[in-house]
Amino acid sequence: MSIAEKEQSIIAEFELFPDWLDKYEHLIDLGKALPPFDPKLKTEQRLIEGCQSRVWLAATCDNGLVYYTADSDAIITKGIVSLLIHVLSGQTPQEILEAPLDFIQKIGLKENLSPTRTNGLLSMAKQMKLYALVFQQQGEK
């Protein structure tokens, strides 16, 4: 499934919820559904700068596709990173780098988060794209 298709799926999913309290509950559920994060990966190098809560992000590249795993000590933040993982995992570095991540705006996430959570969201997306850039450059060697 392409990034655009995954984004459309998330937009349709969030449209099912009438208000932001329900959407927050859904975000929490998404975070709870994230696969377990290997405790050995919870290192300072994997902490995302710019997040109010602690968020660890790891990435691997397998057969030209990037896969992310993450964890957070905050339940809403864990849900937010799970959305990004759902959209970007399993894509090529180039697709990730070109992804506008429009769904964030379309589901109203930016305007319904506190400024510090919005900054954290942008930091998570930036770090995921940085991993993709590194994998792309490694593939070009």
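A: Leu101 has a relative accessibility of 8%, under the 20% cut-off, so it counts as buried. Please keep in mind that this is a predicted model. Leu101 sits in the loop between α4 (93-98) and α5 (103-106). Its backbone deserves a look too: the phi of Leu101 is near 55°, a positive value in a residue other than glycine. Most residues other than glycine have a negative phi.

The largest nonpolar core has 39 residues, and Leu101 is listed with Tyr68, Leu84, Leu88, Phe103 and Leu109 as having the most contacts inside it. Two or more residues each come from α1 (3-15), α2, β1, β2, α3, α5 and α6. The largest share, eight residues, is supplied by α3. In soluble globular proteins, nonpolar side chains tend to be buried together.

The buried ones are Ile76, Thr77, Gly79, Ile80, Val81, Ser82, Leu83, Leu84, Ile85, Val87 and Leu88. Following α3 comes Gly90, which has a positive phi near 85°.

Setting aside neighbours within four places in sequence, Leu84 is in contact with Ser89, Leu101, Phe103, Ile104, Leu121, Met124, Ala125 and Met128. Leu101, where we started, is therefore one of the contacts of Leu84, given that heavy atoms of the pair come within 4.5 Å.

Now for the helices that pack on α3. Helix α2 (residues 20-32) meets helix α3 (residues 75-88) at an angle of about 75°, and their axes are 7 Å apart. An angle between 65 and 115 degrees is roughly perpendicular, which means that α2 is roughly perpendicular to α3. On the α2 side, the contact is made by Tyr24, Leu27, Ile28, Leu30 and Gly31, while α3 contributes Ile75, Ile76, Lys78, Gly79, Ile80, Ser82 and Leu83. Sorted by class, this contact of α2 with α3 has eight nonpolar, three polar and one charged residues.

Helix α1 also packs against α3, at an angle of about 140° and with the two axes 8 Å apart. Only an angle over 145 degrees would count as roughly antiparallel, so α1 is oblique to α3. Ile3, Lys6, Glu7, Ile10 and Phe14 of α1 make this contact with Leu83, His86, Val87 and Leu88 of α3. The classes in the contact of α1 with α3 are six nonpolar, one polar and two charged residues.

Helix α6 is another neighbour to follow. Its 25 residues should span 36 Å at 1.5 Å a residue, and its end C-alpha atoms are 36 Å apart, which agrees. Its buried residues are Thr118, Gly120, Leu121, Ser123, Met124, Ala125, Met128, Tyr131, Ala132, Phe135 and Gln136. They pack against β1, β2, α3, α4 and α5. Among them, Leu121, Met124, Ala125 and Met128 are contacts of Leu84.

Ala132 has a relative accessible area of 0% and is buried. Beyond four places in sequence, Ala132 touches Tyr68, Pro93, Ile96 and Leu97. Ala132 and Tyr67 lie 65 residues apart in sequence, yet their C-alpha atoms are 9.5 Å apart in space. Ser123, in helix α6 (residues 115-139), counts as buried at 17% relative accessibility, because the cut-off is 20%. With sequence neighbours up to four places away left out, Ser123 touches Ile48, Glu49, Gly50 and Cys51.

For contrast, end at Asn63, in the loop between β1 (55-62) and β2 (65-72). Asn63 has a positive phi of about 55° although it is not a glycine. Leu101 likewise has a positive phi near 55°.

Notes. Residues numbered from 1 in each chain as written. Predicted model: local features only at pLDDT ≥ 70, side-chain atom pairs only at ≥ 80, totals over all residues. Heavy atoms only, no water. Helix = DSSP H or I, 4+ residues; strand = E, 2+ residues; numbered from the N terminus. Buried < 20%, exposed > 50% of the residue type's maximum accessible area, 1.4 Å probe, protein only. Axes fitted to C-alpha atoms, helices over the stretch in contact; angles between N-to-C directions. Parallel < 35°, antiparallel > 145°, perpendicular 65-115°, else oblique. Nonpolar A, V, L, I, M, F, W, Y, C, P; charged D, E, K, R; others polar. Core = buried A, V, L, I, M, F, W, Y, C linked by side-chain atoms within 4.5 Å. Expected span 1.5 Å × (residues − 1).
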